[in-house]
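Colleague: Could you walk me through this model, one question at a time? I'd like the cut-offs along the way.

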Amino acid sequence: MRRIALLGVATAIAAVVAGVAQADPGLQSTLTAVTGQGTGHVLVAPTAEDQGTFAVQVTVNIQGATPYTTFAVARAVDLNPDGVCTMASGWLPLGDLTSSPGGAGAAHFEVHRGAPFLSGVRFDAVFRAVGNDGTELRSDCLTVTVK
C-alpha cells in the first residue's frame, strides 16, 4: 500500500515538473516550391521580450535552390485566426537571404509590433521566399499567439 502511494506521489510530481519544464517549441512549417526549385523551413518563435506586445524571432532555411539566388523573405498576416491565411495584409517584407554555391542559405529576422498585437491575441501568418530567379517557396498557414 505504501509503495502504491509513493508511486502515485512520484507520478504526480513528475507530471507537474514535466508541465513546468516543457519549453514552447514555437511554430514551424516546411517551405514548398510554388515555382522554381528548392525547399526550406521556417521557424517562428514568439517571445515575451516586449512585455505584452508582439515580439518574434523568425528563422528561415533554404536548400536545393539555384546557387547565388537572392530571396526576398516576407510574411502575410490574417487577423482571423482560423487556420486559413487570406493574406489580408499583403506581403510584409522581413529581409533577404542569398543561397550559397551549393544552393543553401539561412537568415534570422526579428519582428516587433504593438497594438493590435497584444498578449493573448491570435492571428494567422504565412511566409514566402521569392528568388531573383523566379523561384517562390511558401509555408503552410500558421496560427500564432502573442505572448
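Modeller: Helices (H or I, at least four residues) and strands (E, at least two) are DSSP runs, numbered from the N terminus. This is a predicted model, so local features need pLDDT of at least 70 and side-chain atom pairs pLDDT 80 or more, while totals for chains, interfaces and linings use all residues. Residues are numbered from 1 along each chain as its sequence is written, and side-chain values use heavy atoms, with hydrogens and water left out.

Colleague: Good. Which strand holds E136?

Modeller: Look at residues 136-138. That run, with E136 in it, is strand 8.

Colleague: Is E136 buried or exposed?

Modeller: Buried means under 20% relative accessible area, exposed over 50%, and partly exposed in between (1.4 Å probe, protein chains only). E136 has 13% relative accessibility, so the label is buried.

Colleague: Which residue does the side chain of E136 make a polar contact with?

Modeller: A polar contact is a pair of N or O atoms within 3.5 Å; within protein, one must be able to donate a hydrogen and the other to accept it, and residues adjacent in sequence count only if both atoms are side-chain atoms. Further along the chain, E136 also touches T32, A33, V34, T35, R128, A129 and V130, leaving aside residues up to four places away in sequence; contact means heavy atoms within 4.5 Å. The polar contact, at 2.5 Å, joins the side chain of E136 to that of R138.

Colleague: And Q57, which side chain does Q57 have a polar contact with?

Modeller: Q57 is in strand 3 and is buried because its relative accessibility is 18%. Its touching residues, not counting those up to four places away in sequence, include L43, V44, E49, F109 and E110. The polar contact is 2.4 Å, and the side chain across from Q57 is that of H108.

Colleague: On to rings. How are the rings of F54 and F117 arranged?

Modeller: Rings of Phe, Tyr and Trp (its six-membered ring) pair if their centres lie within 6.5 Å; planes under 30 degrees apart count as stacked, over 60 as edge-to-face and the rest as tilted. By that rule there are 3 aromatic pairs. For F54 and F117, the centres are 6.1 Å apart and the planes at 40°, which makes the pair tilted.

Colleague: How many residues apart are F54 and F117?

Modeller: F54 is in strand 3 (residues 53-63) and F117 in strand 6 (residues 105-118). Both count as buried, because F54 has 7% relative accessibility and F117 has 13%. The pair links distant parts of the chain, and the separation is 63 residues.

Colleague: What kind of pair do F117 and F123 form?

Modeller: F123 is buried, since its relative accessible area is 3%. Ring pairs link F54, F117 and F123 into a cluster. With centres 5.1 Å apart and planes at 75°, F117 and F123 are edge-to-face.

Colleague: Now the cysteines. Which handedness does the link of C85 and C141 have?

Modeller: A disulfide is a pair of cysteine sulfur atoms within 2.5 Å, and the count here is 1 disulfide. C85 and C141 form it, with their sulfur atoms 2.1 Å apart. The angle about the S-S bond is 80°, and the link is right-handed.

Colleague: What is the volume of the largest pocket?

Modeller: On a 1 Å grid over the protein atoms alone, a pocket is an open set of points where a 1.4 Å probe fits, with protein on both sides within 12 Å along at least five of seven lines; lining residues have an atom within 4 Å of a point. Grid points are joined across faces, edges and corners, and a volume is the space filled by probe spheres set on the points. For the largest pocket that comes to about 190 Å³.

Colleague: Which residues are closest to the centre of the largest pocket?

Modeller: Strand 3, strand 4, strand 5, strand 6 and strand 7 (122-131) each give at least two residues to the lining. Of the 17 lining residues, the closest to the centre are F54, R75, V77, V111 and F123.
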